Amino acid sequence: MSQALIFGITGYAGSALARHLVDHGWTVRGIGRSESAAGDLETLGVEVEIADVGEPEELTGLGRAGDHVFYLVGSISGHPDWTERVGLDGVVNAETALASAGIASFVLVQTLAAYGRGSDETITEDTPTRPDSQLGRISLLAEQHLRDALGKRGFPARFVRAGTIYGPGRRTVEALRNKRLRMLGGGSNYSSRIHVDDLAMVLSAVAERGRAGEVYLAVDDEPVSMAAYFDHLADRAHVPAPGSTPKWLARAMISGFGLTSKLTKGHAPLGHNLYALVTGNYTCSNAKIRGELGVDLAYPTYVEGVETLLADEGEDE
Ligand SMILES: NC(=O)c1ccc[n+]([C@@H]2O[C@H](COP(=O)([O-])OP(=O)(O)OC[C@H]3O[C@@H](n4cnc5c(N)ncnc54)[C@H](OP(=O)(O)O)[C@@H]3O)[C@@H](O)[C@H]2O)c1
């Protein structure tokens, strides 16, 4: 029986991965911080430990021989200190803790921030990286640490760069209904997206059939402009389409939030990392996950995927 150890198991993507693997007969363990989310997972037979990836001693002895390890700790928004703590220090701590455990694979899940503001051309795994945000730079430093560990110790790392993860449970319809969700700069830029259930399937394929040292883009078949995606969702959910905030105003707000967050050490609601990702242009190819890993997406485009948001979130109207 395959066994998984998921860092960030209480999160949106981590918990979906846990459910997917349990459904496929895996034994699943993981770490997170939220006691209540851990409780929900434990009812599925998943073992959850409360630990902080920033504290190396809390990770000692976590790994078991044969584990497929998934690292899903991090966020596209957050204070820069926190981004570095979980996106780089946590990865180093996890690798150190697992170095001699005999794990089968280590799948590091990151964003498209390594590609900076994206490109007008199709992005593939061979597209050169050129980060222009702190998140992008941190992501590549974490990746480099694992590449060094692979070279020196045979640490079985592989790298997933995921498009925008969407699906039920994100409360996106609710945010549209309450006019809390806005596009930046009109939304003519493209995003590559992946449904959370398809991401879970891609991650298990990368663990079992992927190659150490390789990058895999986890995206669906059809990049879509921000405006087209949210207009379609709003139309299907019968809620207002989102308004747009000019980029100059968004940047001014970020500076204001940044100042507040420096004073409070809290998370800024809109930071530079999130701004860079949601205003970038990412038209990514999934030829490698389809061709090399043979994945067959349940939601090949946002048109099919959006329907799962209606069933989940449209009810509380
Ligand atoms: N959201 C997107 O569209 C997107 C796109 C591409 C890639 N990604 C990446 O995919 C990963 C998962 O994203 P997500 O949306 O599932 O994020 P999420 O819901 O915020 O989940 C993050 C997970 O990390 C855990 N965590 C946070 N700080 C921790 C710490 N110090 N020690 C241990 N665990 C900690 C959280 O625990 P608690 O919840 O218990 O606090 C949670 O389990 C992230 O690395 C993100 O950058 C996200």
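1. Helices here are DSSP runs of H or I with at least four residues, and strands are DSSP runs of E with at least two, both numbered from the N terminus. The model is a predicted one. With that naming, α1 is the element that gives the most to the shell around the ligand, contributing three residues.

2. The shell around the ligand holds 27 residues, of which Gly8, Gly11, Ala13, Ser34 and Gly74 come nearest. The elements that supply two or more residues to this shell are α1, β2 (27-32), β5 (105-110) and β7 (164-166). Sorted by class, the shell consists of 13 nonpolar, twelve polar and two charged residues.

3. The sheet is open and is formed by seven strands, with parallel pairing and the order β3-β2-β1-β4-β5-β6-β11. Its edges are β3 (47-50) and β11 (215-218); each has a single partner strand, so one side of each is left without a neighbour in the sheet. On average, neighbouring strands of the sheet are turned by 20° against each other, with direction ignored.

4. Helix α1 packs on it and touches β1 (3-7), β2 and β4 (68-71), and the direction of α1 makes about 165° with that of β2. Helix α6 lies across β4, β5, β6 and β11, and runs at about 145° to β5.

5. Helix α1 (residues 12-23) and helix α6 (residues 196-209) make an angle of about 65°, and their axes are 9 Å apart. Angles of 65 to 115 degrees count as roughly perpendicular, which makes α1 roughly perpendicular to α6. The crossing of α1 and α6 is right-handed.

6. Which residues of α1 meet α6? On the α1 side they are Tyr12, Ala13, Ala16, Leu17, His20 and Leu21. On the α6 side the contact is made by Val196, Asp197, Leu199, Ala200, Met201, Leu203 and Ser204. By class, the residues of this contact divide into ten nonpolar, two polar and one charged.

7. One residue links two of the points above: Ala13 belongs to the α1 side of the contact with α6, and Ala13 is also among the residues that come nearest to the ligand.

Definitions and conventions:
Residues numbered from 1 in each chain as written. Predicted model: local features only at pLDDT ≥ 70, side-chain atom pairs only at ≥ 80, totals over all residues. Axes fitted to C-alpha atoms, helices over the stretch in contact; angles between N-to-C directions. Parallel < 35°, antiparallel > 145°, perpendicular 65-115°, else oblique. Left-handed = near helix turned anticlockwise from the far one by under 90°. Contact = placed C-beta atoms within 7 Å. Nonpolar A, V, L, I, M, F, W, Y, C, P; charged D, E, K, R; others polar. Near = placed C-beta within 6 Å. Pairing = 2+ DSSP bridges.
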